[in-house]
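Visitor: I have a protein model on my screen. Can you walk me through parts of it?

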Amino acid sequence: MKKLIDIFFVAVVIFSISSCRKDAFLDRQPLSAITPQTFFNTESDLQVYCNQYYSWLPTQFLVNADGQSDDKVPKSQNTLLAGTYTIPQSDGNWNTPYANIRACNFFMMSYQKANIPDSIKNIYVGETLFFRAMQYFNLVKQYGDVPYITRYLTDTSISVLYGPKTTHAGVMDAVLADLNTAVSYLPVAPSQDGRLGKYQALAFKARVCLWEGTYRKYFSAGDGTAYLQAAADAAEQIINSKSYSIFSTGKPQSDYYNLFIQDELKGNPEAIMAMRYMASANTYNNVDRQLGESGDGYSKDFVRTYLCTDGLPTSLSALYKGDDSLGMEIINRDPRIKQTIATRGFDFLNGDLITLPRVGTNVTSTGYQCIKGRSSSITAWNANNSTYDFFIFRYAETLLIDAEARAELGTCTQDVLDNTINKLRDRVGMPHMQLTSLQRDPQSHFPNVPVLIDEIRRERRVELATEGFRFDDLHRWHAGTLINNSETILGMKLLPAMRAQYTYDVSNVVVNNNYYVQPYAITTRTWNDKMYLLPIPLQELNLNPNLAPQNFGW
């Protein structure tokens, strides 16, 4: 059952939470717009209240996604990775989740009075716990130990706000408990199209548990086995349901690209959950234009990730032609490279074909122009006319979670690979990953993990490019030092002979001594472990001394 969220479906509840989202977490006003005495009487009341949660879903948005990672070299340096980020007075990364948690806790205080069967109430409890878990998961990823509050606070209970932080592990155990309840309460087939169901909750649970299981392992923060097992079990419940599959029309040179420019994901087998846009009801601003004018670009380091068509990395394959030009670099490579990066023949806009990488313009910072999610449609280019649907939970991610979790547990067999990684490779006509023939890449970023885990991480990087997962992955793998690699802030090679072919002025394009495009004045970055977490906003520390000490390094 594919779940599609209509943006116009998310009702504006008579609720004052949006007006206080920019306030400090510790300085909240009572939620007075509705009260349990006047609301929460019917299923409709519960449903309407819960509608507000759906705007919090982590919708795929491909513009500048993964800019805070080793995959991208955005025109403007990411301040965190550049070491110039400063402690904010207030921060929406902190305030907004707590505002949302407050809304969830208000529901949990109020819903019981509804005069409907418990089985119906529990559906909306499941939705509420799902979204509360999502807020706490985001807080833990960004701040580590945080206050964990499950009560709706009033003037008489305000002292709870000034208590100490709960440990990372304690919060995540509570997150898993909420998700387990949500999975048990949510129906497989919700009565209203667009609402959460069991498989959507399982998709998120799998994501959360993989993150936490690997975090505990690689940060030596406790035994992550139970989380890794929970991730695999959740993913396999989705797989075994046979409700989803990898989108393919038998066109390996275009199916991956076309997946992300779908006007309608309803019925798409890969959409576990998607955000729908419709010309007759709602559109969104021109993502196509933003992708074409954002000055974004993939890094040289990312592009080296793609295997050759024999299934070997460039460092081992006789098929690799080198990178003296982008045209040479893509020869005999995983077809996803040409469906992710603009190359010769790509229709930039309504018949405007790419001949040379458009470096030196606002199209791309590196020459590796991002085209995932970008079409040549003039309609989509125009303001507020885009109707391409966005993924919220994509089946490909679920397959990758299962493979990685099983590899970490030591239970990844060839059958597991055939049902996960190799399904993704089948779409693009790449050779299967075979346990018995895996070879260590001499240029591997992860030489200290088993080669199977190393190669699954490669597959994840390629398949989920620009979908916003990469920094979270570097975090949970304790791999922030990959940012130190100079190729993470370099672009394509621009030899003098190639530069001479441009018919517009590219004299402003800076290259290093090896002729790789160098978008920044700096040539390397230095990772600091404090970057794994954001600093607690100063306003919060001032209001609640129990939040001290400040996060490490800040």
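Visitor: Is K242 buried or exposed?
Guide: Buried means under 20% relative accessible area, exposed over 50%, and partly exposed in between, with a 1.4 Å probe and protein chains only. K242 has a relative accessible area of 72%. Therefore K242 is exposed.

Visitor: What should I know about how the model was made and numbered?
Guide: This is a predicted model, where local features need pLDDT of at least 70, side-chain atom pairs count only at pLDDT 80 or more, and totals for chains, interfaces and linings use all residues. Residues are numbered from 1 along each chain as its sequence is written, and side-chain values use heavy atoms, with hydrogens and water left out.

Visitor: Where does K242 lie, and what is its phi?
Guide: Helices (H or I, at least four residues) and strands (E, at least two) are DSSP runs, numbered from the N terminus. K242 lies in the loop between α7 (225–241) and α8 (255–259). K242 is not a glycine, yet its phi is positive, at about 60°.

Visitor: Is N350 buried or exposed?
Guide: N350 sits in the loop between β3 (347–349) and β4 (352–353). Its relative accessibility is 56%. So N350 counts as exposed.

Visitor: Which term describes how α4 runs relative to α6?
Guide: Axes are lines fitted to C-alpha atoms, for helices over the stretch in contact, and angles run from 0 to 180 degrees between N-to-C directions. The axes of α4 (residues 118–143) and α6 (residues 198–218) come within 12 Å and cross at roughly 20°. Therefore α4 is roughly parallel to α6; angles under 35 degrees count as roughly parallel, over 145 as roughly antiparallel, 65 to 115 as roughly perpendicular and the rest as oblique.

Visitor: What length should helix α13 span?
Guide: The expected span is 1.5 Å times one less than the number of residues. Helix α13 (residues 395–409) has 15 residues.

Visitor: Which residues does E397 touch?
Guide: Contact means heavy atoms within 4.5 Å. Residues up to four places away in sequence are not counted. E397 touches R207, R460, L464 and F469.
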